[in-house]
Amino acid sequence: MTDLPARRLGSLTVSAQGLGCMGMSHAYGASDDGQSVETIHRALDLGVTLLDTSDFYGEGHNEQLIGRALAAPGRREQAVLATKFGFVNRLGEPVRLRGDAAYVRTACEASLRRLGVDHIDLYYLHRVDRDVPIEETVGAMAELVAEGKVRHLGLSEAGPDTLRRAHATHPIAALQSEYSLWTRDLEAEILPLCRELGIGLVPFSPLGRGFLTGRYTSVADLDATDMRRGQPRFADGNLERNLAIVSRLEELAARKGVTAGQLALAWVQHQGDDVVPIPGTRRRKYLEENTAAAVLALSADDLAEIGAAAPAGRVAGARYDDGSAAFVNG
């Protein structure tokens, strides 16, 4: 078992790196449930405790999958289980959000059933419902904490005012937002605010949706149903410009005998003891590469060189299309 160091998300203790499980059911093409369960078990064996899902991923399939993995003897006790709620649409429908108090309870109870557990360790609002005061949403989430159905609360892709108001309603343990070498927007305001309030940061897509691994040099490398085919940074022109970032990372990684992806992930790991990235993978091979990056030592000079390979503003293309971008920083 890998001895991953522990980190704190508010008052919640987790491994320094988590496992994002979305791709096992959602967005990145066909998957294999048996392989995914084996990957989850391997993650727990390696000392990864934080498992991340949502009721939206695969329309509930991802929660059921994790529930199946944790039903094996002794596994639930090894895991810090995080899930999210807020999206009420089915895949392919226009995006709709609900953060009203009645829906908070309905969503949580449905997630508990799918997961097959009696409590959720970290319960996130997946995206902020701008039509409902955040005090109502978090107040209802706090009632679930009082009832023992949820242990800690989180928000995802919330803006600074929302984060501050939410934390004043009930302590927020974690903010989950996109953060990597090619998405550094939150460094200016969000990350300092998290530290002011004692909120941990859980970066999703810390490998730039896999791009920073160097495995993708064309959209032809992606499954026909892969959502990345429609994302601006993978579009013609942008993708070629962004490959220059990967090329530089590969040069720096070669000096240390690691992959570009490991170097990019280690950079995120070094952004603070309150930062717990959740790289996603369905395969044990990449899981093991990722966990090795969690303990890769980097000097201040190393970090400066890596950061210079992808300074804020260097990446070509927005991180989301206009439709999806409307739901971030709520």
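Colleague: Which side chain meets Glu251 in a salt bridge?
Modeller: That of Arg248, at 2.9 Å, N to O; a salt bridge here is a side-chain nitrogen of Lys or Arg within 4 Å of a carboxyl oxygen of Asp or Glu. This is a predicted model, where local features need pLDDT of at least 70, side-chain atom pairs count only at pLDDT 80 or more, and totals for chains, interfaces and linings use all residues. Residues are numbered from 1 along each chain as its sequence is written, and side-chain values use heavy atoms, leaving out hydrogens and water.

Colleague: Where do Glu251 and Arg248 lie?
Modeller: Both are in helix 7 (residues 238-256), three residues apart, about one turn of the helix. Helices are DSSP runs of H or I with at least four residues, and strands are E runs of at least two, numbered from the N terminus.

Colleague: And what does Asp302 pair with?
Modeller: Asp302 forms a salt bridge with Lys256, with the closest N and O atoms 3.1 Å apart. Asp302 sits in helix 10 (residues 300-309) and Lys256 in helix 7, so the pair ties together parts 46 residues apart in sequence.

Colleague: Is Asp302 buried or exposed?
Modeller: Buried, at 17% relative accessibility; the cut-offs are under 20% for buried, over 50% for exposed and partly exposed in between, with a 1.4 Å probe and protein chains only. Lys256 is partly exposed at 36%.

Colleague: Switching topic, what order do the strands of the sheet take?
Modeller: Seven strands form an open, parallel sheet in the order 3-4-5-6-7-8-9, where pairing requires at least two DSSP bridges between two strands. Strand 3 (19-20) and strand 9 (200-204) are the edges.
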